[in-house]
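This report describes a structure with attention to its strands, ring contacts, surface and charged pairs. The cut-offs behind each term are given where the term is taken up.

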Amino acid sequence: MMNSTTTPKNKNKINRLLTGLGAAAFWLVMWQIISMLVAQELLVPAPSVVLKALSGLIRTAEFWQSAGLSLLRILLGFLLGIITGSLAAILTTRFKVADALLSPLLRLVRATPVASFIILALVWIKTGNLPSFISFLMVVPLVWSNVESGIKHIDNRLLEMARVYRLGWFKTLIFVRIPSVMPYFMAACTAGMGLAWKSGIAAEVICRAPLSIGNQLQSAKTHLETPEVFAWTITVVLLSLMLEKLLVTSAARFGKRFNAGGGN
Amino acid sequence: MAIVFNEVDFSYDGINKILDKFSLAFPEKGAVCLSGPSGCGKTTLLRLLAGLEKPQGGIISGMESIHPAFVFQENRLLPWMSALDNVALVCEGDGRVGAEKWLNRVGLVGNEHKMPGELSGGMKRRIAIARALAAPADFLILDEPFTGLDKPLWKSIADHISDIYADKLVIMVTHITEHAYSLNAKVIKLNGPPLGYKY
């Protein structure tokens with residue numbers, strides 16, 4: 001008989017957690033086997049060696065400073081990117097002139113390789129600001145195209161309902177337009193966060209931004225400290241996953257509160 | 001003041017006329033049932049009455065300062081809002097109180113906080129009706145309002161409509177004569193396009 005506290009929902013959660021842990025354990029074992037087969041720490045360090053390097057790093061002030069500053073720089077670029085991308089989407093769906101001017105530019109930015117931007121921007125922008133700028137550039141076209149698509153797909157029948165019941169532009173915006181676009185916006189934010197991290201760290205590596213994860217990665221590589229390269233990479237992945245989780249959770253909470261207030 | 005269509009023209013594509021010099025005077029109060037074959041222009045007529053379309057010729061008078069409530073053919077509920085919030089959204093003042101009262105009257109007690117996606121087709125229909133009845137309006141437009149509802153239920157809802165709109169105009173589109181009779185509606189048989197009618 002099933003325990004009264006173990007609801008099917010909880011059971012599903014436990015199953016998912018166990019599956020996730022099992023998969024992680026499998027890949028750790030694979031990593032261990034590969035490192036044993038290669039038998040060269042310089043090429044593939046064992047998980048235990050990387051863990052040791054990571055635990056050494058997190059005891060230093062430089063680790064926290066680098067991680068914190070990278071986080072700040074990339075988050076700044078990401079936030080500016082989602083604001084600019086959303087505004088661009090509103091403009092391109094509202095005004096034909098804005099669409100004619102901005103859409104080709106944003107498509108061009110989306111198609112250009114990130115390395116080209118990093119190298120070009122290195123000439124114009126201070127190294128400390130470059131990761132923010134690159135993250136911003138990568139996020140803007142993604143948010144723009146998603147939000148634009150969301151605005152174009154707002155159900156006209158719901159807008160007609162809002163018109164008939166004279167909800168007014170503000171209530172229509174809050175209760176019809178924004179919730180309609182929200183899934184597109186959230187998908188862009190989740191994908192954009194990963195992209196901002198990858199491009200931001202790449203920019204830090206190339207421009208050697210002071211006190212940054214990218215700079216630490218580059219230094220570790222130059223000094224042939226492969227376990228440290230792995231440890232910094234794990235840091236980047238963990239921070240990225242953590243932010244993504246935070247984003248998804250807060251969006252779900254925000255959405256719930258949003259809906260509960262309707263009609264008051 | 002009665003709503004009057006005076007030689008109204010309307011076409012979606014500029015070629016095929018749905019309304020061609022169409023004239024019709026609606027009574028100031030009471031129920032009118034519009035019936036006719038699919039595609040004859042009933043929905044276009046309702047859209048013109050709701051102000052969702054503008055006539056391309058002629059005049060619709062009597063609608064300058066009055067506003068409708070509309071039970072659309074599809075429910076048009078906001079899927080991200082609960083049944084209660086969907087109704088409360090269109091209410092005046094403390095929307096939730098009025099919304100709760102109307103949801104109770106259409107037999108949705110205990111389902112106020114459910115989302116439309118969690119409810120059956122008939123329940124969603126009743127939310128759409130409750131929304132229309134809760135909204136402050138001068139006349140009521142009903143497009144196949146009782147589709148998917150059991151007879152005792154739609155009869156009781158029809159009684160509520162007759163009560164609230166006793167001194168106002170109700171315009172209903174339906175293919176089911178019984179539905180028209182439940183509101184004591186005067187039946188206008190439509191044909192077209194272009195739209196024509198006979199009593």
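Which way do Pro68(B), Ala69(B), Phe70(B) and Val71(B) point from strand E5 of chain B, and are they buried or exposed?

## Basis of the model

This is a predicted model, in which local features need pLDDT of at least 70 and side-chain atom pairs count only at pLDDT 80 or more, while totals for chains, interfaces and linings use all residues. Residues are numbered from 1 along each chain as its sequence is written, chains are lettered from A and ligands numbered from 1 in the order in which they are written, and side-chain values use heavy atoms, with hydrogens and water left out.

## Strand E5 of chain B

From strand E5 (residues 68-71) of chain B, Pro68(B) and Phe70(B) point one way and Ala69(B) and Val71(B) point the other way, and all are buried. Here buried means under 20% relative accessible area, exposed means over 50%, and partly exposed lies in between, with a 1.4 Å probe and protein chains only. Strands (E, at least two residues) and helices (H or I, at least four) are DSSP runs, numbered from the N terminus.

The partner of E5(B) is strand E6 (residues 139-143) of chain B, and the two pair in the parallel sense over four bridges, where pairing requires that DSSP finds at least two bridges between the strands. Within this pairing, Val71(B) has Leu142(B) in E6(B) as its bridge partner.

## Chain A and its surface

The secondary structure of chain A consists of ten helices and zero strands, and its C-alpha atoms fill a box of roughly 70 × 70 × 30 Å along the principal axes. Of the 264 residues in chain A, 38% are buried. Thr112(A) lies in the loop between helix H4 (96-111) and helix H5 (114-124) of chain A and is partly exposed at 23% relative accessibility; its C-alpha atom is separated by 36 Å from that of Leu28(A), and the two residues are 84 residues apart along the chain.

A nonpolar patch on the surface, with about 1100 Å² of accessible area together, is formed by Phe26(A), Trp27(A), Val29(A), Met30(A), Ile33(A), Ile34(A), Leu37(A), Val38(A), Leu42(A), Leu43(A) and Leu224(A). Patches are made of residues with over 30% relative accessible area and no salt bridge, like charges being joined within 9 Å and nonpolar side chains (Val, Leu, Ile, Met, Phe, Trp, Tyr) within 5 Å; accessible areas come from the Shrake-Rupley method with a 1.4 Å probe, and for residues only the protein chains shown count as cover. Leu37(A), in helix H1 (residues 8-38) of chain A, is exposed, with a relative accessible area of 71%.

## Aromatic rings

Over all chains, the structure holds eleven aromatic pairs. The rings of Phe10(B) and Tyr12(B) form an edge-to-face pair, because their centres are 4.9 Å apart and their planes stand at 90°. Rings of Phe, Tyr and Trp (its six-membered ring) pair if their centres lie within 6.5 Å, and planes under 30 degrees apart count as stacked, over 60 as edge-to-face and the rest as tilted. Phe10(B) is buried at 3% relative accessible area, whereas Tyr12(B) is partly exposed at 47%. In chain A, ring pairs link Phe63(A), Trp64(A) and Trp232(A) into a cluster.

The charged end of Arg105(B) sits over the ring of Trp102(B), 4.6 Å from its centre, where the criterion is that NZ of Lys or CZ of Arg is within 6 Å of the ring centre and within 35 degrees of the ring normal.

## Salt bridges

The structure holds twelve salt bridges over all chains, a salt bridge being a side-chain nitrogen of Lys or Arg within 4 Å of a carboxyl oxygen of Asp or Glu. In one of them, Glu148(A) and Lys152(A) have their closest N and O atoms 3.7 Å apart; they are four residues apart in helix H6 (residues 130-152) of chain A, and so are separated by about one helical turn. Glu148(A) is buried at 8% relative accessible area, but Lys152(A) is exposed at 57%.

In chain B, Asp9(B) and Lys21(B) meet in a salt bridge (3.7 Å, N to O). This pair links distant parts of the chain, with Asp9(B) in strand E1 (residues 4-11) and Lys21(B) in strand E2 (residues 17-25), twelve residues apart. Glu74(B) and Arg76(B) also form a salt bridge (2.7 Å, N to O), with Glu74(B) partly exposed at 29% and Arg76(B) buried at 11%. Both belong to a network of salt bridges that also links Glu160(A), Arg47(B) and Glu53(B).
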